[in-house]
Amino acid sequence: MKNKIGYFYILLAGIFWSTLGFLVSKISDYNFSSEEIAFFRMIGGFIAISIYGKLTMPTMFKITKKGILYVLGIGIVCQLVFNISYMSSISMVGASMAAVLLYVSPVFVAIFSKIVYKEKINKIKILSLVFCVIGAYLAVTGGKIQLEGINTVGIFAGIMAAITYAMLPIFNKNALKEMDNITMSAYAFLIAAILMCFRINPVETISKIDSVKVFGYIAAIGIIPTAMSYIVYSKGILKGVELSIAGVVASIELVLLVIIGWTLLGEDFSVVKLFGVLLMVVSTFIAVKAIEDVKEEIEEDKYQTETISECSK
């Protein structure tokens, strides 16, 4: 039951994250740069999550010395570098290609989880990751890609976004032992927002907000795909969801992103894209099956070890 609740939290995080593309598109219509949008996302996320934290826990901003190192890493790598890389990739190679590159992140999560936390990667888990990446590619591009005049810097930025995106759950697993997830996220957003000020003029950027509608979009990007998504994602990890599987389950974000693109942003629909969406859904079920198989292997190894131990007495 605990794991099922964890899956629900991860799924919910993916749903919240799926609104990011729509909100970025709407804010961009008012002549805000990608870096300015990233700044709004970080500062808005900090304000929203801080308000929530103060209402739910009196020790909201309490942090250990070791915790400071974790939030610095998360703020710089998983927020600042990620947002700059992802927004840059979008501007150089387009939103579709950037999204495809970003959703190679479950592969990096699996690799990092294996190296850092020694999580098992069985054949079913590998199949799940392959389906996830192929499905993401088909869902966003429809199986087509323009290779002529491709921007290598934009491709590199997209891969860097995927790597830094994958680092978040790696940092989280130990960071959440030092502090509450709300505290961690708030400080990480604040650090990223402060460092972002060296790349933009915050006073000039804020002065460009000239209507309630624009303010509404900016407030939404800080609340929904930022504060709310990170709160529930961290809760899912704390419920025992494996990092390599969390990345796949959260890929519901891209499924919904494609649907939002079809319905709200007027992007092209095709049978190939639909097949990609379905393939990603299948990858989620395969991921859950992978967890069950790993648990069975662990139980079997444990039983064999105990049997050998008994026989040797």
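Helices here are DSSP runs of H or I at least four residues long, numbered from the N terminus. On that basis, helix α9 covers residues 181–196, and Met196 lies in it. One thing to keep in mind while reading: this is a predicted model.

**The overall picture**

The chain comes to 14 helices and zero strands, so its pattern along the sequence is simply α repeated, α-α-α-α-α-α-α-α-α-α-α-α-α-α. Of its 313 residues, 49% count as buried. Take the contacts between residues at least 6 apart in sequence, and 88% of them join residues at least 24 apart.

Leaving out residues up to four places away in sequence, Met196 touches Glu35, Ala38, Phe39, Leu80 and Ile84. There is also Val81 to look at: Val81 and Met196 are 115 residues apart along the chain, and their C-alpha atoms are separated by 9.8 Å.

Thr183 is found in helix α9 too. What does Thr183 touch, not counting residues up to four places away in sequence? The list is Met57, Thr59, Met60, Phe61 and Lys62. Thr183 is buried as well, at 1% relative accessibility.

**Cysteines and a quick accessibility table**

A search of the whole structure turns up zero disulfides.

| Residue | Relative accessibility | Class |
|---|---|---|
| Thr183 | 1% | buried |
| Cys78 | 2% | buried |
| Cys197 | 30% | partly exposed |

Cys197 gets its label because 30% falls between the 20% and 50% cut-offs.

**How α3 meets α11**

Two packed helices are described by the angle between their axes and the distance between the axes. For helix α3 (residues 34–56) and helix α11 (residues 212–238), the axes come within 7 Å and cross at roughly 60 degrees. That makes α3 oblique to α11, and the crossing is right-handed.

Which residues meet there, in α3 and in α11? From α3 come Ile37, Phe40, Arg41, Met42, Gly44, Gly45, Ala48, Ile49 and Tyr52. Facing them from α11 are Ile218, Ile221, Gly222, Ile223, Pro225, Thr226, Ala227, Tyr230 and Ile231. Sorted by type, the residues of this contact come out as 13 nonpolar, four polar and one charged.

Technical notes: Residues numbered from 1 in each chain as written. Predicted model: local features only at pLDDT ≥ 70, side-chain atom pairs only at ≥ 80, totals over all residues. Heavy atoms only, no water. Helix = DSSP H or I, 4+ residues; strand = E, 2+ residues; numbered from the N terminus. Contact = heavy atoms within 4.5 Å. Axes fitted to C-alpha atoms, helices over the stretch in contact; angles between N-to-C directions. Parallel < 35°, antiparallel > 145°, perpendicular 65-115°, else oblique. Left-handed = near helix turned anticlockwise from the far one by under 90°. Nonpolar A, V, L, I, M, F, W, Y, C, P; charged D, E, K, R; others polar. Disulfide = S-S within 2.5 Å. Buried < 20%, exposed > 50% of the residue type's maximum accessible area, 1.4 Å probe, protein only.
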